[in-house]
Amino acid sequence: MRLSFAKPLLLLVALLLLSAVSHAATIPTKAPRHLLDLKNSSLGALLLPTDVAPGKSGQVYVVDSGNSRIAVFNRNGNATTTFGAPGSGRGELRDPIGIGIDQNGRVYIADAGNKRIQVFSADGKFRFGFPVKGETGLVKPIDVAVAKNGNIYVTGNTNHMLMVFNKSGKFLKQWGGEGTSEGQFRYPGTLVIQNGLIYIVDVLNTRVQVFTLSGKYRFDVGEWGVGPGQMFRPKGIALDKQGRAYVTDSYMDLVQVFNKSYQFVYVLGNAGKPQKFTAPAGLAIDASNRMYVTEMLSHKVSVYSLP
Amino acid sequence: MMTKCALSPTHRYNLAALLLIFGIMMFLPGKNVWAARDISPKRECSICHVMWLTTFTRKNAVTLIPYDPKPVVDTGKQDVSSTERMCFSCHDGFVLDSRFAWANREHFHPVGVKPSAKIEIPTLEGKTVFPLNDEGKIYCGTCHSAHGIDWEETFSPLFLRVKNENSSLCLACHVDRATGIEEGNHPMFKNIENIGKVPARLQEAGSKFGGRKQNKVICQSCHRVHGAADKKLLAVNKHDLCITCHANKKGVDGTKHDAAIMAKKGLIDPDSGLCTACHKPHTGNGPRMWAFKLKQGENRITAMCLSCHNPKGAAKKKVISKKHTHPIGVSIENLGISATRGQWKAFGENVYVKGSLTPLPLYDKYGNPVSKGGQIACTTCHDPHNWSTLPAKQRPDPLAEGDGRGSFLRIPFDRKASICTNCHVDKAMVVLSKHNLQISSPENAGKNSGGGLCGDCHKPHEGAGPNLWARDLGPGNDTIEKMCRDCHREGGIAGNKLTGENSHPVGVDIGRLVYNPKPELPLFSKTGKLGYGKGRVSCGTCHNPHQWDPRDPGSIEGGFPDVEGNGQNSFLRIPAAPGEELCVECHTEKRFIRKTDHDLHVTGPNQPNAAGDTVDKTGICGQCHMVHNAPSRLRLWARKLGPGKNPMEQLCRSCHNKDRFAGNKLPTRITHPVEIRGISMRGGQPTKGKKGHRPVFDDQGKEARSGVITCPTCHNPHKWTDIKQRPGTGKNVEGDVRNSFLRDARNVDLCANCHGMDAIFRFKYFHAEASRRKHRLY
């Protein structure tokens with residue numbers, strides 16, 4: 001049998017179409033159960049909340065960034081107190097973004113405008129602070145997380161680095177740098193430490209990079225795009241008890257879920273329709289599998305029970 | 001057995017390549033993994049131009065957001081790439097931080113709206129500089145281009161379509177907001193250091209200033225295009241913005257001039273800021289950006305105040321009319337003050353001023369502040385932005401009825417007369433006198449006009465009469481006398497200081513009896529209007545109610561309630577003692593009495609008058625005449641009358657009698673018959689004041705055209721000699737026919753004036769015993 005050149009070309013087109021059809025599908029979704037919204041702190045309405053963290057005693061800390069303070073809620077969603085105030089003094093904040101809780105329940109704030117980390121007790125009393133100073137000077141921090149050994153991990157906005165400080169705030173090391181390669185970042189965002197790994201949202205590289213605590217690159221999750229499992233403006237990350245990763249996308253207004261193997265599994269939503277959040281940024285999941293999602297442009301934190 | 005392929009080697013190669021590509025694609029997990037590593041221009045564009053992702057155009061592709069394509073070519077129209085949400089997806093702090101812009105999203109330069117008709121968007125080469133979206137509305141891309149703009153020497157750091165140096169971008173559309181202060185717009189490009197440094201609060205709020213030194217006011221000094229704190233894109237809330245720079249105006253907060261307070265009363269728009277009740281920073285009226293229509297015919301300052309303080313205005317309960325209100329538009333230099341370069345100094349000899357004067361603002365006739373000279377306006381005394389200058393603990397309630405402690409006065413209207421005497425320096429001495437009611441009548445002090453010392457008599461606005469009179473008017477011939485006699489009358493506050501029945505006349509025309517055409521003393525109209533050299537005598541002609549001692553402005557002697565005055569003080573404008581200065585100011589022809597025998601300093605320094613006062617206290621005139629409370633109405637005679645056949649003789653014999661102290665000055669014979677009536681005329685014309693005048697007197701002692709001949713017919717008691725116009729020698733000398741107070745002594749025809757050639761005979765007959773014996777005619 002003699003085939004002309006045109007025939008393989010037709011075959012190729014057919015196969016391409018087949019390939020495309022093989023990937024066509026509806027959006028896999030799974031619906032969380034909405035529990036409540038956190039909208040008002042004890043001092044007033046939240047303004048551009050950027051991150052959230054459950055405390056050790058059931059309380060929830062919200063970075064009320066537009067008001068440059070931390071709002072505290074109880075498990076029922078009632079505002080209990082706030083701490084921090086606009087300014088650059090001790091215990092004052094200027095445009096904070098990220099938050100982390102250490103083993104002792106102390107609260108670490110990425111005080112972005114003041115380019116420092118400030119540490120508070122669980123009840124909001126100022127403990128200490130230190131400037132985020134990498135190898136090349138002061139850096140605007142985006143988020144902070146604390147390892148079990150007390151080392152403090154900070155993402156740097158202006159140097160595209162992950163910086164490590166000891167528990168006293170002394171600079172230890174940094175890695176990353178601006179770029180698209182493995183281990184490099186373009187605007188590292190929020191981070192979370194779990195099971196000895198650091199998960200860092202790499203915002204403009206539209207991925208989550210995973211490192212060991214010592215800085216060794218392990219792998220990354222997500223890719224550029226607007227399809228399921230792809231990311232356009234990833235901002236927040238949290239892991240549930242099962243090790244699933246939840247990643248917010250602040251432009252597509254949704255939360256995608258990746259399994260233990262870091263494969264996309266579904267989008268939070270219902271019947272193929274993604275649950276819409278309004279500019280979601282930082283999120284957190286507590287021990288009871290409650291998910292707290294900051295929605296910056298609706299100035300609230302949505303609380304869900306995860307499926 | 002192998003089957004031989006029918007394809008040519010070339011075709012076999014092509015097919016293998018295609019199958020290889022296909023195979024790779026088949027085994028790919030449906031994800032463009034390489035894309036994440038790819039930093040191609042295409043991907044970089046898609047960071048914002050999300051709709052350019054080919055994912056959307058793939059058949060059966062599943063996307064998490066809907067496809068909303070726009071033309072790929074730059075049309076200047078809005079694409080999803082320039083929506084707020086796209087901008088925020090990076091500017092949320094995680095990549096770049098523009099959260100301030102969204103923190104107060106409602107105070108954001110309007111987007112999604114059509115420009116108002118007042119906005120004329122500029123064009124360049126026929127193309128709009130600031131494109132609107134498909135619906136003709138403003139969007140982010142109207143001012144910004146994410147692609148950046150080449151600004152020649154630099155590249156747009158904010159992706160602005162036009163360089164916004166010194167707010168040039170803002171002004172491209174809003175040019176009507178920067179036409180200058182004369183058109184009622186807040187000044188721009190003015191050095192803020194004129195009013196102080198750039199306030200830290202504005203710096204913190206992100207305000208910007210223009211010029212090389214970043215110290216000139218531009219649009220962004222007050223406005224923030226994104227994330228403003230208040231409406232109108234204000235960088236600081238409307239309550240605080242103005243006073244952030246104009247810190248000296250912050251006292252208006254919480255006062256009746258505070259917009260919020262006025263709004264509560266329904267007087268203005270409740271949405272006004274602290275200052276915007278009165279000032280519109282753009283398109284106001286006049287240089288002070290006045291929010292109200294200015295009344296024509298007034299200077300700007302006055303017109304501003306009258307905007308509300310008129311019968312129909314918001315402050316109609318505080319009307320300021322022109323009647324009996326402190327004058328405006330007048331210079332202070334007439335008061336004895338020089339105002340140059342903001343320094344006020346008092347000048348003049350008779351001014352008592354302790355310490356330096358507080359400079360107050362003065363204005364030209366248009367209401368513009370001037371540093372030299374200038375005129376008074378409402379805001380000379382009032383600072384509409386500060387209710388009170390007193391320390392916080394002493395400040396009165398700014399919402400209560402105002403008194404001298406508040407009322408927006410720049411200096412308190414207090415018992416020290418602080419504000420009034422800051423200009424009226426020549427009246428500051430009243431504080432030290434009994435005309436300070438705190439001294440003379442404490443129970444009546446401070447009852448009028450806000451409690452200030454001057455307010456006991458004067459009311460700066462809406463007074464009851466001339467001189468801003470604050471009290472009732474008493475009895476009297478003219479307004480000045482009525483003012484004085486509100487207190488100086490029976491039952492009045494000064495009822496123990498009355499002038500009595502026999503008192504110097506008031507309300508008389510000075511021209512009728514005085515030969516000095518321009519005395520230094522003030523005269524008044526019947527209604528109390530002041531005039532020098534023209535008008536009538538009144539109390540204020542001789543008395544300066546604001547200064548006890550005319551020689552010593554700082555004298556405290558009058559500051560005791562029980563002190564009794566005399567001719568040296570007693571609020572006299574010119575001392576009447578020990579000399580005769582006051583009286584001769586009007587009674588000029590009497591001035592030569594000094595140092596004559598009729599000056600009791602010479603002949604009777606210890607001789608008391610009827611009131612028991614000697615010449616040192618009464619002055620020369622006061623020994624014979626008492627201006628007030630005289631025992632006799634005739635010539636206000638101050639002494640006990642002597643014997644005599646007519647009143648004038650009785651006056652003279654008060655002293656010139658055997659039992660009186662001038663008993664040694666008697667004619668040997670006083671036998672000239674008084675019954676003889678003479679005519680005080682020459683050629684049928686009155687001769688008073690003229691040479692050769694021989695006054696005759698009626699039965700009441702008044703000079704008459706026809707009357708008895710008596711002592712003053714021949715003697716002028718105020719002038720020792722007519723030969724020389726001068727005072728006496730100060731020595732008690734023996735007179736002769738050339739002096740001896742004789743009228744017209746230079747002429748030897750004293751007697752012949754009446755008697756003609758028969759005079760010598762008559763003289764001998766009446767004054768020599770021998771002649772009378774020889775020719776006994778009477």
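## Helix 12 of chain B

In helix 12 of chain B, the buried residues are B:Ile301, B:Thr302, B:Ala303, B:Met304, B:Leu306, B:Ser307 and B:Cys308. The helix spans residues 300–308 and is mostly covered, with seven of its nine residues buried. Its buried residues pack against two elements of chain B, namely strand 5 (362–363) and helix 13 (378–381). These descriptions refer to a predicted model.

## Chain B as a whole

Chain B contains 25 helices and 14 strands. Of its 778 residues, 40% are buried. Among contacts in chain B between residues at least 6 apart in sequence, those joining residues at least 24 apart account for 49%.

## Confidence of the prediction

The model has an ipTM of 0.92 and a pTM of 0.71. For chain B the average pLDDT is 81, and 82% of the residues score at least 70.

Where pLDDT is low, the predicted coordinates should not be read in detail.

## An open antiparallel sheet in chain A

Chain A has an open sheet of four strands, in the order 9-10-11-12, with antiparallel pairing. From one strand to the next, the twist averages 20 degrees.

Within this sheet, strand 10 (residues 107–111) and strand 11 (residues 116–120) of chain A run antiparallel and are joined by five bridges. A:Tyr108 stands opposite A:Val119, a residue of strand 11 of chain A.

## Nonpolar cores

The largest nonpolar core has 19 residues, of which A:Tyr199, A:Leu204, A:Val208 and A:Ile237 touch the most other members. Four elements of chain A give two or more residues to this core: strand 20 (197–202), strand 21 (207–212), strand 25 (234–239) and strand 26 (245–249). Strand 20 of chain A gives the most, contributing three residues.

The contacts of A:Tyr199, not counting residues up to four places away in sequence, are with A:Thr190, A:Leu191, A:Val192, A:Gln194, A:Val208, A:Gln209, A:Val210, A:Ile237, A:Leu239 and A:Tyr262.

## Cysteines

The count of disulfides over all chains is zero, by the distance rule applied. That rule requires a pair of cysteine sulfur atoms within 2.5 Å. For B:Cys170, the closest cysteine sulfur is that of B:Cys219, at 4.5 Å, which is too far for a bond.

B:Cys170 counts as buried because its relative accessibility is 14%, where buried means under 20%. B:Cys714, with a relative accessible area of 28%, is partly exposed.

Note on methods
Residues are numbered from 1 along each chain as its sequence is written. Chains are lettered from A and ligands numbered from 1 in the order in which they are written. This is a predicted model: local features need pLDDT of at least 70, side-chain atom pairs count only at pLDDT 80 or more; totals for chains, interfaces and linings use all residues. Side-chain values use heavy atoms; hydrogens and water are left out. Two strands pair if DSSP finds at least two bridges between them. Axes are lines fitted to C-alpha atoms, for helices over the stretch in contact, and angles run from 0 to 180 degrees between N-to-C directions. Buried means under 20% relative accessible area, exposed over 50%, partly exposed in between (1.4 Å probe, protein chains only). Contact means heavy atoms within 4.5 Å. pLDDT is the predictor's confidence in each residue, from 0 to 100. A nonpolar core is a set of buried Ala, Val, Leu, Ile, Met, Phe, Trp, Tyr and Cys residues joined through side-chain atoms within 4.5 Å.
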